[in-house]
Amino acid sequence: MRKYFVSLIVVLALSLLSSLSSVHANETAEYSKVKVEDSLEKNTMQDFEMPTDRIKMSQGTNQPILKNKLGIKQHRMITSSVTSQATNDSPNTPAIIEIGQVYTDKITEEGQQKWYRFEHNNSGKLTVIMQTVQSASIDYDLHLFKLNEETMTLEEEVISSYDSEKNEQLSKISEGGIYYIAVNSVTGSEPNLPFTFLVQQSTSYDQKEPDDNIYQAPAYLNHIYESQTIDNSYDLDWFILQVDQEKTLTVNLDNPSSADYQLDIFDLELNGLAGLEDNEKYSISFPPGTYLLRVQSTSLDYDANQSYTLDIKEQAGEATSAEILNINTDGNVEGYMNYGYGYKWRIDGFMEVEGKAVDENGTPVPNTNIEVRIITVLNNRAYIEPGLTDRKGNFKIKIPKIQEAVGNYSYTTYSSYHYFDIIPFDIMSNGKVLDSNENSLYHFAYSTYRPH
């Protein structure tokens, strides 16, 4: 299984990060004999297929914004010196830190670890951000442990293990407890340059959290439709998009909040392919492969109570066929049954049709006109009711009142006779009748009780 060590630029804004603290040796915890359950190893990712080519923007669409190499708006970097070096190089001598406070520390030799302890007293989401040393010869990783207070064992919760010159970030939904952070030198060190880190707490967050790095990201095939929130200034929402063959997809990051968000698209090695503004529609040709997507605030502004929606779907042509999924009618009549003329839906005084419209390639057709039509036997009366598909091509259309059936056909059961009509049933779009898995119905008239 290949390992992908990828870029993540997280910039800490001086204006909002109150005070910057060095880590002092006299702030070590009293827990001097904790045990570490897991070793400090790197994450691995599934062996996804790399894209065969770069994505292409269709003619006439808005052009992508390529900012710095990971598409994050730059803020002033924090590069304060550490005035006093802590001896926090093992889990038995961690430095005590606080949530919401920015800290700096240094690693003086390759393979060294730096340990920190904090208490999380309330339930919520924890986000840990580490701004690493920007050097191609240095690779520091970030680990989060929780202390099992019964066994005094540190149990590893999350790892962020990108490659050199890439900052680290992870998140965890916590019910409270004692946590440890480990910063581990995988390669190299720089005794004169500090790394900077911060623990953030979010009391409000969406149900897809935690997803602050690529190792926590959910995977989707060919399309994404998710509504989520940015819950703190540094929250990152990651997605994995797999495209099985070359497709032209429409991409929209709908953001009703006043904060500015951006969608960044990367290949598996986090080479930046595009940075897309919110509330703009893009048409993009994706070669087959796997893409890493990230939603972030391009400033420090966010709204934890206002959801954005990431909508990525294949462009569809005109509707050519419809699949009928269900038809509701009067409770004592509804059902899918065989009256001797094949299985059909049975209706009576009203009908509600649920289905999906697709184009000639089987792609759901969103936001298109749909009509349901039946013709009853009595006076050949036609009923036509319009509707509209949703973004996934689904529709639900109701004909609220249908006249009585004549009862030209009958079906015998062990105790009764059922009388009914067989009537045509069409699904139409833009004046054309669509191919459908159902094209006729049993229109129930009445039944008589005659045991025999």
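With which residue does Lys42 form a salt bridge? Its partner is Asp139, and the closest N and O atoms are 2.8 Å apart. Lys42 lies in the loop between strand 2 (35-36) and strand 3 (56-57) and Asp139 in strand 8, so the pair ties together parts that are 97 residues apart in sequence. Strands (E, at least two residues) are DSSP runs, numbered from the N terminus. Lys42 and Asp139 are both buried, that is, under 20% relative accessible area, with exposed over 50% and partly exposed in between (1.4 Å probe, protein chains only).

The model is predicted: local features need pLDDT of at least 70, side-chain atom pairs count only at pLDDT 80 or more, and totals for chains, interfaces and linings use all residues. Residues are numbered from 1 along each chain as its sequence is written, and side-chain values use heavy atoms, without hydrogens and water.

The structure holds 17 salt bridges, each a side-chain nitrogen of Lys or Arg within 4 Å of a carboxyl oxygen of Asp or Glu. Among them are the following.

| Salt bridge | N to O distance |
|---|---|
| Lys42 and Asp139 | 2.8 Å |
| Lys125 and Glu209 | 3.3 Å |
| Asp244 and Lys247 | 3.8 Å |

Asp244 is partly exposed, at a relative accessible area of 46%, whereas Lys247 is buried, at 9%.

Two charged ends sit over rings (NZ of Lys or CZ of Arg within 6 Å of the ring centre and within 35 degrees of the ring normal): Arg346 over Phe444, 5.1 Å from its centre, and Lys398 over Phe350, 5.0 Å from its centre.

Note on methods:
Helices (H or I, at least four residues) and strands (E, at least two) are DSSP runs, numbered from the N terminus.
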